[in-house]
Amino acid sequence: SLGHALAVVPVIALFVLLPISVQGIGVRETTYVALFGAVGVAPELALAAALLSYATTLAVSALGGAVVASDALAAVRRRAAGGSDPVRLAA
């Protein structure tokens, strides 16, 4: 149920923050399976939810990285063309 998810997901986020693995890989999946299994979710579905959550995080991060890289490339092109850099002017 939604109530179980609202209770379990923040606990999982805390476990992922523990510095015992790289990017929380393994910890996230194990915690999803253990905590969602305790409320009756099949291990396969809990693992699928964990992997989907991680894939979503990676996709959103990649989009953000592309925006930052695009902005940095545009600033380099402006400087190469002799234009001003609005970031430096603001600082």
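Which helix gives the largest share of the lining of the largest pocket? I found that α3 does, with five residues.

Before going on, I noted that this is a predicted model, in which local features need pLDDT of at least 70, side-chain atom pairs count only at pLDDT 80 or more, and totals for chains, interfaces and linings use all residues. Residues are numbered from 1 along each chain as its sequence is written, and side-chain values use heavy atoms, with hydrogens and water left out.

Pocket. I took a pocket as an open set of points on a 1 Å grid over the protein atoms alone, where a 1.4 Å probe fits, with protein on both sides within 12 Å along at least five of seven lines; lining residues have an atom within 4 Å of a point. The largest pocket holds about 190 Å³ of space, the volume being that filled by probe spheres set on the points. I listed its lining, which includes Ile-12, Arg-28, Tyr-32 and Tyr-54. By class, the lining has seven nonpolar, four polar and one charged.

Arg-28. I placed Arg-28 in helix α2, residues 27–38, a helix being a DSSP run of H or I with at least four residues. Arg-28 counts as buried because its relative accessibility is 9%, the limit being under 20% with a 1.4 Å probe, protein chains only. Leaving out residues up to four places away in sequence, Arg-28 touches Ile-12, Val-16, Gln-23, Ala-50 and Tyr-54, where contact means heavy atoms within 4.5 Å.

Ala-50. With the sequence neighbours up to four places away again left out, I saw Ala-50 touching Arg-28, Glu-29 and Tyr-32.

How values were computed
Helices (H or I, at least four residues) and strands (E, at least two) are DSSP runs, numbered from the N terminus. Buried means under 20% relative accessible area, exposed over 50%, partly exposed in between (1.4 Å probe, protein chains only). Ala, Val, Leu, Ile, Met, Phe, Trp, Tyr, Cys and Pro count as nonpolar, Asp, Glu, Lys and Arg as charged, and the others, Gly among them, as polar.
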